[in-house]
Amino acid sequence: MSDTLWVFAYGSLIWDPGFEPAEQLPAQLSGYQRRFCLNSLRYRGTIAQPGLVLALDAAEDAVCNGVALAVTSGQEPEVLKDLRARELFNPAYREITTPLALADGRMVEALTYVVNRDHEQYDNHSLPRQAEIIAHAAGERGPNCDYLWNTADHLRSLGIADDNLDWLSAEVRALQAAQVDASHR
């Protein structure tokens with residue numbers, strides 16, 4: 001294990017970490033799955049029409065493939081402050097430190113954010129229901145579908161497979177196309 005501060009990115013931190021990583025590698029986290037299980041009442045939805053954002057949800061035998069981001073030495077306090085302001089503005093996420101397997105074979109301790117299942121914004125929607133919500137929600141940071149597509153596209157560009165995100169991406173596009181077709185009739 002090293003003295004480097006590592007952050008495990010599984011969602012928007014992949015494409016918008018808020019800092020310039022000193023090193024970035026594909027990584028694997030055991031015991032969690034990436035899921036759209038957290039209602040977004042601000043950034044990707046509203047109180048009236050919640051969106052969904054990704055979270056790491058504990059699951060026995062699950063593995064989540066994402067990206068390990070190394071924080072540049074000396075920048076740890078600033079990066080931690082910014083990450084905590086972003087991820088912990090309410091108790092829907094919990095900050096944990098966990099073993100992480102890097103693609104180059106190293107094992108490191110990494111900081112990441114997991115869902116708090118006891119929080120009122122936690123939800124366990126089916127994939128089809130997730131697609132319906134994501135297709136129609138928008139918040140302060142834009143349409144919920146952009147969040148999905150950015151994450152899925154970046155994972156794909158890194159060679160990281162996520163069948164659920166690929167399915168959701170295609171289904172949301174189909175739902176939006178059907179809505180446009182219906183509005184032109």
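## Before we start

Residues are counted from 1 along each chain as its sequence is written, and side-chain values use heavy atoms, with hydrogens and water left out. Since the model is predicted, local features need pLDDT of at least 70 and side-chain atom pairs count only at pLDDT 80 or more, while totals for chains, interfaces and linings use all residues.

## How the strands line up

Let's begin with the strands. Helices (H or I, at least four residues) and strands (E, at least two) are DSSP runs, numbered from the N terminus. Two strands pair if DSSP finds at least two bridges between them. Strand E2 (23–40) and strand E3 (51–70) run antiparallel to each other, with 16 bridges. As an example, Ser30 sits opposite Val63 in E3. E2 also pairs with strand E4 (residues 93–102), again in the antiparallel sense, over two bridges. Here Ala27 is the residue facing Leu102 in E4.

Strand E1 (residues 6–9) has two partners to look at. With E3, E1 makes four bridges in the antiparallel sense, and Val7 has Leu69 in E3 as its bridge partner. With strand E5 (residues 107–115), E1 pairs in the parallel sense over two bridges, and Trp6 has Ala110 as its bridge partner there.

What happens on the two faces of E1? Both are covered: Trp6 and Phe8 on one side, and Val7 and Ala9 on the other, are all buried. Buried means under 20% relative accessible area, exposed means over 50%, and partly exposed is in between (1.4 Å probe, protein chains only).

Phe8 turns up again in the largest nonpolar core. A nonpolar core is a set of buried Ala, Val, Leu, Ile, Met, Phe, Trp, Tyr and Cys residues joined through side-chain atoms within 4.5 Å. The largest one has 56 residues, and Phe8, Phe36 and Leu100 touch the most other members. E3 gives the largest share of this core, 10 residues. Now zoom in on Phe36, using contact to mean heavy atoms within 4.5 Å. Setting aside neighbours within four places in sequence, Phe36 has contacts that include Leu52, Val53, Leu54, Tyr147 and Leu168.

## The largest pocket

Rolling a probe the size of a water molecule over the atoms shows where empty space is left. The search uses a 1 Å grid over the protein atoms alone: a cavity is a set of points where a 1.4 Å probe fits but cannot get out, and a pocket is an open set with protein on both sides within 12 Å along at least five of seven lines; lining residues have an atom within 4 Å of a point. Grid points are joined across faces, edges and corners, and a volume is the space filled by probe spheres set on the points.

The largest pocket holds about 420 Å³ of space. Its lining has 25 residues, with Ser12, Tyr43, Val53, Glu87 and Tyr93 nearest the centre. Helix H1 (12–15), E2, E3 and helix H2 (76–87) each supply at least two residues of that lining. By class there are 13 nonpolar, six polar and six charged residues (Ala, Val, Leu, Ile, Met, Phe, Trp, Tyr, Cys and Pro count as nonpolar, Asp, Glu, Lys and Arg as charged, and the others, Gly among them, as polar).

Is Ser12 buried or exposed? Ser12 belongs to helix H1 and is buried, because its relative accessible area is 15%. Not counting residues up to four places away in sequence, Ser12 touches Pro17, Arg86, Tyr147 and Thr151.

Ile14 is also found in H1, and it counts as buried because its relative accessibility is 8%. Beyond neighbours within four places in sequence, Ile14 is in contact with Ala9, Val67, His154, Leu155 and Leu158.

## Out on the surface

Most residues other than glycine have a negative phi. Asp61 in E3 has a positive one, near 70 degrees. Asp61 counts as exposed because its relative accessible area is 74%.

Ser73 lies in the loop between E3 and H2 and is exposed, with a relative accessible area of 67%. Ser73 and Asp3 are 70 residues apart along the chain, and their C-alpha atoms are 9.1 Å apart.
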